[in-house]
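Take the model below and read it alongside this walk-through.

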Amino acid sequence: MISGRTLAQGAGCEDKMSPLYINEVSCCYLSEDDYRALGLSDGMNLLLTSPHGSAVLRAGVDKGLPQGIVFIPMGPWANMLTGTDTNGCGMPGFKGVEVEVTPTDEKVLDIRELMLRGR
Amino acid sequence: MILQIEDVLCTFCGCLCDDIRVEVNEGRIEKVRGACRLGSSKIMGHNRIKSPMIRKDGELVEVGYEDAYRRAAEILVSAKHPLLYGWASTTCEALKKGILLAEEIGGVIDTTATVCHGPSIIGIEEKGLVGSTLGQIKNRADLIVFWGCNPSEAHPRHTLRYSSNACGRFVPEGRKGRKVLVIDVRETRTARNADRFLRIQPGTDYEIISALRMIIGGKADSLPEDIAGVPRKDLIEIADMMKNAKFGAIFFGLGLTHSRGRYKNVDNALSLVSELNSHTKFVIMAMRGHYNVTGAGQVLAWSSGYPMAVDYARGAPYYNPGETSCCDLLSRRDVDAALIIASDPASNLPRGCVEALGEMPVIQIDPFENPTTLFADVVIPSAIAGIEAEGTAYRMDGLSLRLRKLVDTEYPSDVEILQAILDNIRRLRDDN
């Protein structure tokens with residue numbers, strides 16, 4: 001899994017409780033091949049699990065992605081999956097996180113539910 | 001009356017575009033011209049935090065500014081090791097005040113750079129940087145390399161104003177006068193504008209840079225046929241492109257700093273550029289994200305000697321990324337209160353750090369509500385710098401620019417808020 005900036009994520013960056021921002025950062029983009037191989041279609045969700053946590057995200061296609069890599073716009077959903085180890089330089093690994101991706105019927109949590117999960 | 005304001009600075013990203021036109025009608029911004037989608041969404045404004053708030057019985061309750069300042073001061077005075085974090089989306093003047101605050105309370109001050117280009121700064125400290133201004137690149141560069149960055153989405157006007165598509169003095173034909181090379185793990189929008197796109201495997205930047213250095217150093221024969229999944233002949237062609245440029249510029253992004261290797265990737269890229277200067281003129285620049293993250297590093301460096309993650313707990317500045325940086329402090333539970341200004345760590349830090357934030361009192365200073373507000377115990381709404389408050393900010397190439405105030409506001413500036421908290425802290429201490 002890699003995370004990074006997108007236009008919609010940036011445009012919603014100073015209005016983070018807005019649907020524009022939340023819809024964008026709760027989407028997991030896959031390559032066309034992976035999307036097809038998982039039998040996904042519009043409106044389907046994915047459960048992503050990493051050694052650090054898990055989250056349910058909407059599935060989307062990014063034609064620029066190669067097989068085996070998923071992209072999540074940086075934000076609270078991507079960070080459910082990243083670890084805190086900084087390799088001694090202050091920077092956690094926001095890119096290159098190994099994740100398991102499975103289609104799910106579970107719903108994408110709303111931002112408050114997600115942030116306050118387990119509290 | 002409608003007021004047209006020319007040459008407004010956009011306070012979104014590190015491009016700090018200074019050619020925006022804003023139309024103000026009766027104290028409200030009505031139109032923004034010339035900005036990208038990111039900039040205009042910020043300048044046009046939207047839902048603001050209406051009033052200061054303090055959390056009581058789990059709920060945020062509206063209070064007056066004086067009550068919020070006093071509560072913030074109480075939190076900071078009773079903390080053993082508070083964290084003051086953010087600073088990249090406010091002015092240099094606000095950070096100066098923040099450093100004074102950190103010094104007086106023995107706190108640790110860190111900027112969002114630590115989870116952005118912090119590793120780049122460490123790489124630059126190790127190696128030095130062959131740099132330039134964006135103006136030099138615009139006017140002279142005939143090869144633009146975007147490595148692990150995607151300006152089409154993160155810095156939308158960068159290509160047109162400063163780099164690949166800009167018309168410059170010695171490159172009057174603009175995009176046609178330059179070669180554009182994109183190196184990334186995915187084919188981004190930026191890659192679609194390139195003459196050449198090299199796709200690499202995630203986490204292999206270090207190997208690819210090392211191979212390019214070997215080719216440029218005349219050791220291509222010692223390389224295997226395949227380097228981290230990239231054929232050697234492709235890298236030889238790219239090295240030739242670089243050597244044959246009259247003036248080359250590498251812009252690098254979080255593809256280098258967020259991946260395996262972190263600051264070592266940047267360190268290696270800086271060496272590559274240094275060695276390219278034996279053949280031609282080559283420069284390198286980090287694509288800084290927040291509009292004043294560069295300034296935050298500058299102010300901290302000239303005040304404390306260090307560019308980020310500065311701990312004042314010992315009475316003198318102490319800097320050790322990996323120990324005094326925000327993520328490490330939170331995940332090790334090494335801080336016991338946090339003042340968050342102009343940033344949103346709840347969204348942008350790993351979950352483990354956010355959980356730590358949820359265990360301590362949090363003061364938030366921001367014009368806008370964001371997920372960090374859900375964890376805040378004191379919320380202090382502020383004026384937006386560059387729109388409602390003036391100040392200084394540094395563009396990604398280190399050029400300092402003056403932000404103007406465009407409209408009046410009832411919100412206090414970050415500087416005023418920090419001064420008020422500081423006054424309250426001094427008063428509390430005098431009382432004791």
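Which residues does B:I238 touch, not counting residues up to four places away in sequence? The partners are B:L181, B:L198 and B:L212. Contact here means that the C-beta atoms of two residues, placed from the backbone, lie within 7 Å.

A word on the source comes next. This is a predicted model, in which local features need pLDDT of at least 70, side-chain atom pairs count only at pLDDT 80 or more, and totals for chains, interfaces and linings use all residues. Residues are numbered from 1 along each chain as its sequence is written, while chains are lettered from A and ligands numbered from 1 in the order in which they are written.

Back to B:I238. Its place is helix α9 (residues 232-244) of chain B. Helices (H or I, at least four residues) and strands (E, at least two) are DSSP runs, numbered from the N terminus. B:I238 counts as buried because it has 20 C-beta neighbours inside 10 Å. The cut-offs are 20 or more other C-beta atoms within 10 Å of a residue's own for buried, 12 or fewer for exposed, and partly exposed in between, with C-beta atoms placed from the backbone. B:R189 is 49 residues from B:I238 in sequence and 20 Å from B:I238 in space, C-alpha to C-alpha.

Now turn to B:L16. This residue sits in the loop between β1 and β2 of chain B. B:L16 has 26 C-beta neighbours inside 10 Å, so it counts as buried. Leaving aside neighbours within four places in sequence, B:L16 contacts B:L9, B:C10, B:Y291, B:A393, B:R395 and B:L401. The pair B:L16 and B:R395 is 379 residues apart in sequence, yet 5.6 Å apart in space, C-alpha to C-alpha.

The assignment lists domain 1 (2-42), domain 2 (50-116 + 291-431) and domain 3 (119-286). Such bounds come from an automatic or database domain assignment. Between domain 1 and domain 2 of chain B, the C-alpha centres are 26 Å apart. Their contact joins 15 residues of domain 1 to 13 residues of domain 2. On the domain 1 side, the elements giving two or more residues are β1 (2-8), β2 (20-25) and β3 (28-33) of chain B. That side of domain 1 has ten nonpolar, three polar and two charged residues. Ala, Val, Leu, Ile, Met, Phe, Trp, Tyr, Cys and Pro count as nonpolar, Asp, Glu, Lys and Arg as charged, and the others, Gly among them, as polar.

Helix α4 (residues 118-127) of chain B is next. Its buried residues are B:G118, B:P119, B:S120, B:I121, B:I122 and B:G123. Their cover includes α10 (254-257), α11 (263-276), β14 (281-286) and α12 (293-304) of chain B. Just after α4(B), B:G128 takes a positive phi of about 85 degrees.

Chain B as a whole has 16 helices and 21 strands. Its radius of gyration is 23 Å, close to the 22 Å that the globule rule gives for 432 residues, so chain B is as compact as a globular protein of that length. The radius is taken over C-alpha atoms, and the rule is 2.2 Å times the number of residues to the power 0.38. Buried residues make up 57% of the 432 residues in chain B.

Chain A has four helices and six strands. From the N terminus on, they run β-α-α-β-α-β-β-β-β-α. The C-alpha trace of chain A spans about 40 × 30 × 30 Å along its principal axes. Its mean pLDDT is 94; pLDDT is the predictor's confidence in each residue, from 0 to 100. Within chain A, confidence is lowest in helix α1 (residues 7-11), at a mean of 88, and highest in strand β3 (residues 45-50), at 98.

How do the chains meet? The contact takes 51 residues from chain B and 43 residues from chain A. On the chain B side, the largest share, four residues, comes from α1(B). That side divides into 20 nonpolar, 19 polar and twelve charged residues.
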